[in-house]
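Have the model open as you read.

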Amino acid sequence: MSVTNETVLPELRNAWWEHGVRRRAETGVLGVFAELPQFVRQAIGVAWRADKVRTSVVGLATLGSGAMATFGLLSTQKLLVALFAGGPTPDRVRAALPALTALAAATALRGALGIAIGYAQNGLTPRVNQAAERRLFEATTAVRLDAFDADAFADDMERASRGSDAANGLVHDTSNVLAGFVGLIAVAVAVVVINPLLLLALVVATVPNGFAALRAGHLRYSSYLAGSVRRRRRNVLERQMADRESAPELRSYGLRSFLLGQYDMVMGAQTTEDLTLARRVTTTTSVGAVISGLGLGGVWVLLGFLLAGGHIPLSAAVTCVVAVQAAQRALSTVTFQLDGMFTDGQFFKEYVNFLERAKQYMPGADKASRPKPEALDRLDIRAVSLRYPDRDTSAVDQVSLTIEAGQTVAFVGENGSGKSTLAAMIAALRAPTDGVIEWNGRPMGEWDRDALIARIAVVLQEHHKWPYTAATNIAMGDLAVDPEQDRIEAAALRAAAHETIEALPYGYRTLLDRTFKEGHDLSGGQWQRITAARGFYRDADLLIMDEPSSALDPRAEEALFQAIRSRQGHRTTILITHRLANVKHADQIFVLHEGVLVERGTHADLMAREGRYAGLFTLQAAGYR
Ligand SMILES: Nc1ncnc2c1ncn2[C@@H]1O[C@H](COP(=O)(O)OP(=O)(O)OP(=O)(O)O)[C@@H](O)[C@H]1O
C-alpha cells in the first residue's frame, strides 16, 4: 500500500485556541445568556483595574446615550403630535419648534456621547491588554520551576496566554453589548410612555430576529469547528513545506511530491467542507431574514388595526415605526457582539483560572525579613532527595556531602543518575522533597532568595539561546550592574568565545537570532561558549557548570577547563561532565548512580578503589589509546 494514497497525518488533539469557539458551538442560544452576568462582572473588573477614568466615561456615557435615545423618541412623538394637529401650517411648525429643538439637542448630545465612548474605548483597550498581559507574565516568571513539570499547569498556561487578547475583546464587546441593551431598554421605555400596547409590537418585531441571529451564530461556530482539523492539518503541511528547518530533509529525501500529495488530499476535502459551510450559513441567514420580515409585517398589521380602531393616534404609530427601526439597530449590535463576548469570556475564564492556580506555585513571600547570605564558606548537603511529580522513584536519593569554599568538585555518573537534579537544588532552582542544603550552616530557604541566587552562577546543560546580541547574551549573567565591554570580553576569553564573537559580522554587537534583520546563527559549540561566558561573567561565589563542553572542539574544551581550574583555591566550582579526563584535578569527585551517591574522593582515591568511577574512567581512556 502506498502511503501517498491516504493521509498519513496522525489525529490532532483538540486545539486550545479553539476552546472559546468549541464552547460556543456546544452552548445553546439560551445558554449564552446564562453566562453573561459573570462575563459582564469580569469585564468591568478588568477594565476598572486598568483605567478607572476611561471605564467610568464608557459606563456613564453609555447610560447617558440610552437616556438621550429615550428622550429623542419622546421628542419625536411630541413633534409629530404638533405637526399632525389641525390649523394652518406655520402655526403647527411654530408649535412643533420646542419639540424639534429638544430632538436636535438629544441627537447632538447622543452623537457627542458616542464620540466620547469611542475615544474612551480606544484608550481603554490597549491599557487593558497591557495590564492583563503583564499580570500573566508576572505569574509565569514568578512561579517555582516545579510548576513547569505539571502537565496541567503547562496546558493551562498555554490557554491563559490567549487571555490578554481575550480581556481586550471582552471589554470591547461587553461595552458594545451593554450599549445595545441600553439602546433596547431606551426604546422600550419610550414606547411604553407613548402607549404600552406598542411594546408588544416591539417584542414581535425584535425577538424572533434576535433569536435567529443568535442561532445563525451558533451554526457558524459549529461549522467552523467541523473544518478545524483539516484547517490545522493544512497548517502543519504548510510548515513542513515552507519551513527552514524541514527544507534540508525535504530535499535530501525527495519528499516534495509526497507532501504536495498530502496537501491536495487535505485541501480537496476542505473545499467540499467550505462549500457545505457556505450553503448552511446562507440558509440560516435567509431563514433569519424571513423570520424577521414576518415579525415586522406583523407589527405593521398590528399598527394598522390599532390606528383603524382609533386606539392610537397617527403620531404614535409613526413614532413606533421609528422606534422599531432603532430597536432593530440596537439588537443587531447586541447579537453581533454577543458571540464575541461569549467566546472571549471563555478564554478569559481560563486566564483567571490560571492566575488562581499559579498562586499555589509561588515561592514564599516573606523574604524581606530574611538575612542576606555572606560569601560562601561552606555548603552542606544533608540527606537530600528529590522526586519529580510523575515519577515513582527519586531522581536524587538521600545524598549527603560537603563542599568547602574554593574547591572544585565534580559530579559524575551515567545518564539519568541525578547529577543535574542535584545541581539544580544546589542552585536553588528546585527545592528538595526531603533533606536540606545549607549555605554557611543555614538552610538555603532561610536566606534572602534573591541575594542567595546572586551569589550563584549556573551554566545549564539545556541552555537558552537568548535572541539578543552576543554582548547582551554574556552580560545577562549579571544585569544587576551596567554591562562593561572589558568585563564581557574577559568572560568571553575565559570561555574561548572571544575569537568566535570577533569573527561575527558585527562582533559583540551581532544579533544572535536569524528571525531578525542581520541576525546570525551560531553552531551548537559556539552557543555553548557564549553560555559558558555568561557563567563566568557573573563573578559568583559558586559556579555550577552542567556539561559545559559537550559540543566544544578539543582546543576550546582545553581553554574552558583551564579557566575552570584557575578558579580553584579562591572560588567554588561544581562541574558536571562525562569527559572524565577533565575532572582529574577536582578536589572531590562525587559519583552518583540511580540517584544515590555511591563513591567519593579524589581521582587518585577513586582509581585506587577500582569501583564504578575507575571503571568508567578506564573505559573512556581506552578509547584514546
Ligand atoms: N523535569 C523532570 N521531570 C521528570 N523527571 C525528570 C525531570 N528532569 C529529570 N528527570 C528524571 O530524573 C532522573 C535524573 O535526571 P538528571 O537530569 O538529574 O540526570 P543526569 O545525571 O544529569 O543525566 P545526564 O547525564 O543525561 O545529563 C532521570 O531519570 C530523568 O529522566
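How far does a polar side-chain atom of R391 lie from an oxygen atom of the ligand? The distance is 3.3 Å. Keep in mind that this is a predicted model.

**Ligand site**

The ligand has 16 residues around it, and G416, K419, S420, T421 and H578 come nearest. The side chains of Y388 and K419 also place an N or O atom by the ligand: Y388 faces a nitrogen atom, and K419 faces an oxygen atom.

| Side chain | Ligand atom | Distance |
|---|---|---|
| Y388 | nitrogen | 3.5 Å |
| R391 | oxygen | 3.3 Å |
| K419 | oxygen | 2.8 Å |

**Helices α3 and α6**

Helix α3 spans residues 52-84 and helix α6 residues 163-194. Their axes lie 8 Å apart, at an angle of about 30°. Angles under 35 degrees count as roughly parallel, so α3 and α6 are roughly parallel to each other. Their crossing is right-handed. On the α3 side, the contact includes V58, L63, L73 and Q77. Among the α6 residues they meet are S175, L178, V182 and I194. This contact divides into 14 nonpolar residues, five polar and no charged.

**Helices α15 and α17**

Helix α15 (residues 485-494) packs on helix α17 (residues 524-537) at about 125°, with the axes 8 Å apart. That angle makes α15 oblique to α17. The crossing is right-handed. R487, I488, A491, A492 and R494 come from α15; A533, F536 and Y537 come from α17. Six of the contact residues are nonpolar, two are charged and none is polar.

Note on methods. Residues numbered from 1 in each chain as written. Predicted model: local features only at pLDDT ≥ 70, side-chain atom pairs only at ≥ 80, totals over all residues. Heavy atoms only, no water. Axes fitted to C-alpha atoms, helices over the stretch in contact; angles between N-to-C directions. Helix = DSSP H or I, 4+ residues; strand = E, 2+ residues; numbered from the N terminus. Parallel < 35°, antiparallel > 145°, perpendicular 65-115°, else oblique. Left-handed = near helix turned anticlockwise from the far one by under 90°. Contact = heavy atoms within 4.5 Å. Nonpolar A, V, L, I, M, F, W, Y, C, P; charged D, E, K, R; others polar. Near = heavy atom within 4 Å. Polar contact = N/O pair within 3.5 Å; in protein donor to acceptor, adjacent residues only side chain to side chain.
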